[in-house]
Each structure stands twice: as structure tokens, then as C-alpha cells.
Amino acid sequence: MTEIETCSWPCAWPEIRLAEECQLAGHHPAWISSLADGLGHKAYLLRCVDGQEVYGVLPLVFVRGPIFGKFLVSLPYLNTGGVWASNDDVASQLIDAACDLADQLDVKYLELRHEQPVDHPKFNMVRTDKFHLRLPLPETDEELDKSFKSKLRSQVKKSGTYDSTVHFGGQELLPEFYEVFAHNMRDLGTPVFSKKLFSSILTNFDGDAELCVVRNEDKPIAGGLIVHSRGVTEVPSASSLREFNRTGANMLMYRHLLRRAIEKGSHTFDFGRSSEDAGTYKFKAQWGAKPHPATWQYYVRKGDPNEMRPDAGGKKRLVQAWQKLPVWLTKLIGPSIVRGIP
């Protein structure tokens, strides 16, 4: 007979065989440790067990802060998470337990970042307005280059005429990456994550995560974090400086990221999540990436999850005010704010 265990992280991470609810990128122990350590939040792992056998897991992070309140999320920062289970009954038991934990912690809502919908009576809201953009990769970089349209190849070629250089590495590139990332987040009007989060990801993935930095005359002008896992290379964070847009630094960086993914033996490149009408969607689609729907499901206890969106209500004014702050100040106060946003 199965039962649900609620474990505080860190704890043993199982493998689920013949799972109907599929394993997603977020279902990786290195991600749970990275988020718990890097954001400073408590993490849980719900496990459905029968003796020594584990039939399903649900990782959760208890997100809390002084401004927005408390949330239970699988998983913050990432695009995916939620249930990984051997069958629908196990998935339902895990969600029952997650809803009970949400009640105990008195959170505003439980958010499960699924890709396929999971039926459950306590889900009272769903978001399907975003898409994952993913590109199947050929075996060689030459094959990939041949798949690009002539306009894209021309843009990539032009980006290589500005004497920019591309560098891959680990912790030693973190200061340069973070400087670019913090500038871009300020320009977008978004509080920046802490440097500690990215350091934690690099540490916990132990060689399967790396940074890419583009320099022009020794100045970092673009940077990205890439993670190689289970045959998929994903880019959780990437940025470039707007004043260097004319150099095509972002185009140059992504071309090298794609090449790197093939070198690492990946079969898929995950560009991340975008709204269908957004500029980022079009940027990713031009490389040949195809849309895959995201299905974020909620057990809302109070309030409205839409209130947390950056375009909601008075938040536009907050975004505009943030864009006027000096970057050094956003790096100082941003991490304590964004860690409390699910």
C-alpha cells in the first residue's frame, strides 16, 4: 500500500520507472539544491512510496518574502517542475499532499509548472499563455548551419565582424556574466537574482553547467548560463547590453551556445519560455525552435496569481521606476525582492 512521505531537502532522490507523468528538466536533484541554497528557501520532496519502491515525487520550494507573502512552487526560477509519477493515481496522491502542505504553510497558492495538464479537483486556475521553444539538434554543427535560413546565416556572419570574442567557463566568468545580467535586468525593470544563485547552480551541477561571456575590446557585452542534462541543453538566463546591439552580440552568443550543445552531445536545445507574440519568441523561432505548450496549474487559496505578473495593475509604474535606478543599487536590493517572487 502506498503512502506519501514529506521530506525536507536534502534527502534521497529516486528514479521513477515507467512514469506516465513524465520527468521534466526541473526533476533533477541538482536543481533542488541550487534553488534551496541559491535563494535561501526551504525545499521539500514529496515521495509516494510502497516499502522500498518509490512511485512518484513532487519537489516543492517554500517561497516567502516580506513584500508579496508566501507561496509553494515547483519550481521557482525554472520553467518546469511539478509531478513526476508512475500513474495518475500516484500523481493525485502527491497533489493532495501538496495542497495539504500549502494549507499548513498558509501560502497564497500552490503553483505546479507542468507541461501536460494533470487532472485534480483542487486545481482552480491554469495558465497556458506561454510556450517552451525547443530545437532538435543534428549530430554535427555543419548540419545545423545548413538548416538555417540565409537571412539568419547572414546575421550570424555579420555578428562575427566586430572583433568580439566568445568564452566558456565556470566560476571565473561569474563576475562578468553577472555584470551584464544585472544591467539587463535593470533595463527591463526587473529585480535581479543574487550572484549566489548562479554560483550555486555552477557548483551543484558540477561541470554540467557553465557560463558563456562575449567580450568586445575586453568588455563583457553578453552572457548566458547553460545547463547540459539528460541530452538537453537549456539556457535559464541570458542577457546582452543594449548599447552593443549593433554588434549582434546576442546572435553571436547563441550561435556558439548551439555549437556547444552539439559538442556536449545534446539532442535538444531549450531556448526557454516565451509568450507567442513576444520579441523573444520570434528571436528563438528564427533558429528553428518549435513551440511546446506550458501548463502551469494552481491551487489558489487567497488572492489572484495574475497579480504577480509584471504587467498587472500598478506594477507598470514600479517597472518604470526600477529602470531609473543605478545598477549598483539594484544589485544591492534586487536579490532580497526577487527571491520572494514565485
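Colleague: At what angle do α5 and α6 pack?
Modeller: Keep in mind that this is a predicted model. The axes of α5 and α6 are 11 Å apart. As for the angle between α5 and α6, it is about 135°.

Colleague: What word describes how α5 and α6 sit relative to each other?
Modeller: Roughly antiparallel would need an angle over 145 degrees, and roughly perpendicular would need 65 to 115. The α5 and α6 angle is about 135°. So the word for α5 and α6 is oblique.

Colleague: Is the crossing of α5 and α6 left-handed or right-handed?
Modeller: Let's take the handedness together with the residues. The crossing of α5 and α6 is right-handed, and on the α5 side the contact is made by L174, P175, F177, Y178 and F181, with K195, F198 and S199 on the α6 side. These contact residues divide into six nonpolar, one polar and one charged. Back to your question: the crossing is right-handed.

Colleague: α6 also packs with α1, so how do α1 and α6 run relative to each other?
Modeller: Helix α1 covers residues 29–39 and helix α6 covers residues 195–205, and their axes lie 8 Å apart at an angle of about 150°. That angle means the pair α1 and α6 is roughly antiparallel.

Colleague: How many charged residues are in the contact of α5 with α10?
Modeller: In α5 the residues are Y178, E179, A182, H183 and R186, and they meet V327, T330, K331 and P335 in α10. By class, four are nonpolar and two are polar. The charged count is three.

Colleague: On to the open sheet: which strands stand at the edges?
Modeller: Seven strands form the open sheet, with mixed pairing, in the order β9-β10-β11-β12-β13-β8-β14. An edge strand has a single partner, so one side of it is left without a neighbour in the sheet. The edge strands are β9 (164–169) and β14 (290–293).

Colleague: How much does the twist average from one strand to the next?
Modeller: We're still on the open sheet with mixed pairing. From one strand to the next, its twist averages 30°.

Colleague: What is the bridge partner of V214 in β11?
Modeller: Strand β10 (residues 209–216) runs antiparallel to strand β11 (residues 219–229), and eight bridges join them. In β11, V214 is partnered with A222.

Colleague: Which strands does α5 touch when it packs on the sheet?
Modeller: Helix α5 covers residues 174–188, and its direction makes about 65° with that of β12 (232–240). The strands touched by α5 are β10, β11 and β12.

Colleague: What about β8: how many bridges join β8 to β13?
Modeller: Strand β8 (residues 130–136) is antiparallel to β13 (residues 268–275), and R134 has D270 as its bridge partner in β13. β8 also pairs with β14 in the antiparallel sense over four bridges, with H132 opposite H292. For β8 and β13, the number of bridges is seven.

Colleague: Where is P10, the residue in a cis peptide bond with W9?
Modeller: The cis bond joining W9 and P10 has an omega of about 10°. P10 is in the loop between β1 (3–8) and α1.

Colleague: Which loop holds L75?
Modeller: A cis peptide bond joins S74 and L75, with omega about 5°. Y77, a residue other than glycine with a positive phi near 70°, is placed in the loop between β4 and β5. L75 lies in the loop between β4 (69–74) and β5 (84–85).

Definitions and conventions:
Residues numbered from 1 in each chain as written. Predicted model: local features only at pLDDT ≥ 70, side-chain atom pairs only at ≥ 80, totals over all residues. Heavy atoms only, no water. Axes fitted to C-alpha atoms, helices over the stretch in contact; angles between N-to-C directions. Helix = DSSP H or I, 4+ residues; strand = E, 2+ residues; numbered from the N terminus. Parallel < 35°, antiparallel > 145°, perpendicular 65-115°, else oblique. Pairing = 2+ DSSP bridges. Contact = heavy atoms within 4.5 Å. Nonpolar A, V, L, I, M, F, W, Y, C, P; charged D, E, K, R; others polar. Left-handed = near helix turned anticlockwise from the far one by under 90°.
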